[in-house]
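Biologist: Please take a close look at the sheet, strand by strand. Then follow it out to whatever else you can describe around it.

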Amino acid sequence: MSDPLERLLREQRVVICCGSGGVGKTTTSATLALKAALLGRRAVVCTIDPARRLANSLGLSELGNEVVQVDAARFAEAGVEVEGALFALMLDTKRTFDRLIERYTTDPKRREAILNNKFYQQMSNTVVGSSDYMAMEKLYELSEEGDFDLIVLDTPPTKHALDFLQAPERMKRAFDRSTLEIFLRPWAEAGKRSFGFIGRALGKVVNKVDALIGVGFVKELAEFFQAFEGLYDGFRTRADRVDALLRDARTSFVVVTAPQPLPLEEAGYFCDKLREFSMDLSAVVVNRVEQSCLGDPSDLRARIDAAGHEAELEAAVTAAGVEADPLLPAALKALLDQERLAKGDRERIEAFAAGPARGVHLREVPRFTHDIYDLSGLLTLSGELFGARA
Amino acid sequence: MLNLLDRRLLVVSGKGGVGKTMISAALARLAVAAGKRVLLVNMEGQGRTAQLFGVQAIGPEPLELESGLWACLLDPKAVAFDFILRQLRVRRLVRHIVESNLFDSWFRVSPAIKEMICLGKVWSFTEEKSRWRKTPVWDLVVFDAPATGHGLGLLQLPEQASKLLLGPMRTSALEVQAMLEDRARTGTVLVTLPEDLPVNEALHFHRELTGTLGMQLDLLVLNMAFPDRFGGAEPPLEDVLGSPAGRRALDRLLGPGGAERAAALDAVRASWARGERTRRYAAQLAEGTGQPVTRVPFVFAERFGLEELRQVQQTLAHGLGGPA
């Protein structure tokens, strides 16, 4: 198999798609899983907050945290036959976090204490903050269950690649017993009499911090970590395993982007970070690339560079003559504008391919006339990504 | 309606990639043109602002980009450090706390706290007075709010924070909340794109803002609005381009032989469809929010520079009903 992206879908166990928001990352993830299913694998796509219509088309209407198989009837409707099977699930950050707690707390009283803790509720509920942890957690869970040949993970649109890649490491640090002890000991000992200078100083800090963010809050925080006592080792081991999974030979990363300056800049950052963390960056997918209607636009571009857009438009209108339809100038303007967009995209993609994405397999997908929100749309995208054979 | 540029604070919201940074810069420049001293606050995307105005970098200290227009970057951790330092007053202790692993982890997983502290900082900019004359340092602060991806994001934070916190942080949360809710002082701007997901999120944002928070949306911007070149109904493009006159024009433009005529027809059709989609999404936004939609036209230039920014300004000035 010569196609690197297809080989990825045939051979790997985990494919992680990352990139900034609004570049079609979720759609691309779903398409990769779909293609893998078409290639005969049992594939699951784990998405985060997909467009509702896309979710509906995959049968994810109930917004659960559970894996749902995409009905064969839906494929039949779209006119394709799947050799393998396609599953999908929508990440529910809070429920994933709750499950993690439930798994590691055997004592029901302690479990309740954690689940009802205000600090825990805030932390597990803030979608932006903990979704990168939980995407990792879900990935590990799915990988451990071993029900699937391939897991495609659509990552949260975190602006900082670093945050996402360091999620296991940070999780570990957050639950590092020694850190907790150093930080929380002053509170634990604040009630006791302490004579030393350090003890008095720490006591003052405790009072100040209490005054600053509120006694109630610190109490909640302390209770939270107390309830976690004994869970730390479990969490740390798990974070280590997630990290190992990310570095596994059968785990690959795909960076998804669009040919605008901002997404390309962020994609470049992702590429650099993946290299820095020695993760396997296998491919870059550039979505929504504007196309030229010319097989070889170099002639037109040279003329535009020499004379400008307006002059080219005028020359074409003049060539048409007086009997031309009044809509013709607008149509020609549309063509020239499209040419301009295509040129800009081409230049940026070339710079990107030679710069941050050097040495990485790069795939382009043209901009579609319509938004993709159903299975047949995914099939169209798959056709563009992998050739019409899809 | 109160003039948007006469407020003290503009909060520019929208999901990632909709062009918030450019719209924020254009609004800031409009206010400068109206004779105001303006501070543009970025939390990310300051690279684009710096590039646009040809400065090296924008840092935490306000930097004058051009006469009357200043910009700064909020670094959440530095802002938190300052905030805690003001309360504890012992630099070494504060550094010890802020640099501890636990604080770091907690700070990262609690975006509410991080963003609340930054919102507090933005608020304090509006409160800043000059030392001698005791007049506000900034007539207007334009806050290019970070993309939270979900619902109201930043705007609902003070309310949530005031429930969870006590002490000075609660007091400051309440003050920020009062400021945000005061329409005479704060203006809200939402930026979206003519695409399915951004439009639905914009409608959701509007519902939450006007419903849950009881606030108003002052300016709804549909950015990158594709031009409506053919005026509504599907044009007979095949006839237009297929006629002898059309063929002559295409031969002139694309080169003789006509090998690419089919592709050219497809491209023009796609362009019409894109304009049509913009029209449909604009209508959907107007109907869903009951508010006027300010369409900022798509920029075809290969590079977005100050000239393009000026054009965006003019469109926005129209949307605000003020002078350009």
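Modeller: In chain B, eight strands make up an open sheet with mixed pairing, and their order is E3-E4-E2-E5-E1-E6-E7-E8. Strands (E, at least two residues) and helices (H or I, at least four) are DSSP runs numbered from the N terminus, and two strands pair if DSSP finds at least two bridges between them. This is a predicted model, in which local features need pLDDT of at least 70 and side-chain atom pairs count only at pLDDT 80 or more, while totals for chains, interfaces and linings use all residues. Residues are numbered from 1 along each chain as its sequence is written, chains are lettered from A and ligands numbered from 1 in the order in which they are written, and side-chain values use heavy atoms, with hydrogens and water left out.

The edges of the chain B sheet are strand E3 (63–66) and E8, each of which pairs on one side only. Direction ignored, neighbouring strands of this sheet are turned by 25 degrees against each other on average; the axes are lines fitted to C-alpha atoms, for helices over the stretch in contact, and angles run from 0 to 180 degrees between N-to-C directions.

Strand E5 (residues 140–144) of chain B runs parallel to strand E1 (residues 9–13) of chain B, and four bridges join them. In this pairing Leu9(B) has Val141(B) as its bridge partner, and Val12(B) has Asp144(B). E5(B) also pairs in the parallel sense with strand E2 (residues 38–42) of chain B, over five bridges. There, Asp144(B) is the bridge partner of Asn42(B).

How many residues of E5(B) are buried? Five of the five are, so the strand is largely enclosed by the rest of the structure. Buried means under 20% relative accessible area, exposed means over 50%, and partly exposed lies in between (1.4 Å probe, protein chains only). In a regular strand, side chains alternate between the two faces of the sheet. In E5(B) both faces are covered, with Leu140(B), Val142(B) and Asp144(B) buried on one side and Val141(B) and Phe143(B) buried on the other.

Chain A also has an open sheet of eight strands, in the order E3-E4-E2-E5-E1-E6-E7-E8 and with mixed pairing. Strand E3 (68–69) and strand E8 (361–366) of chain A stand at its edges with a single partner strand each, so one side of each has no neighbour in the sheet. Strand E2 (residues 42–47) of chain A pairs with E4(A) in the parallel sense over six bridges, and in this pairing Val44(A) is opposite Phe87(A).

Phe87(A) leads on to the aromatic pairs. Rings of Phe, Tyr and Trp (its six-membered ring) pair if their centres lie within 6.5 Å; planes under 30 degrees apart count as stacked, over 60 as edge-to-face, and the rest as tilted. By this rule there are five aromatic pairs over all chains. One of them joins Phe87(A) and Phe148(A), edge-to-face, at 5.1 Å centre to centre with 70 degrees between the planes. Phe87(A) lies in strand E4 (residues 85–90) and Phe148(A) in the loop between helix H8 (127–145) and strand E5 (150–154) of chain A, so the pair ties together parts that are 61 residues apart in sequence. Both of these Phe residues are buried.

Phe226(B) and Phe300(B) form another edge-to-face pair, 5.6 Å centre to centre and with 70 degrees between the planes. Phe226(B) lies in the loop between strand E7 (219–225) and helix H10 (237–242) of chain B, and Phe300(B) in the loop between strand E8 (294–297) and helix H13 (306–320) of chain B, so this pair ties together parts that are 74 residues apart in sequence. Phe226(B) and Phe300(B) are buried. Ring pairs also bring in Phe298(B), which forms a cluster with Phe226(B) and Phe300(B).

Back in chain A, Glu81(A) is found in the loop between helix H4 (72–78) and E4. Glu81(A) has 74% relative accessibility and therefore counts as exposed.
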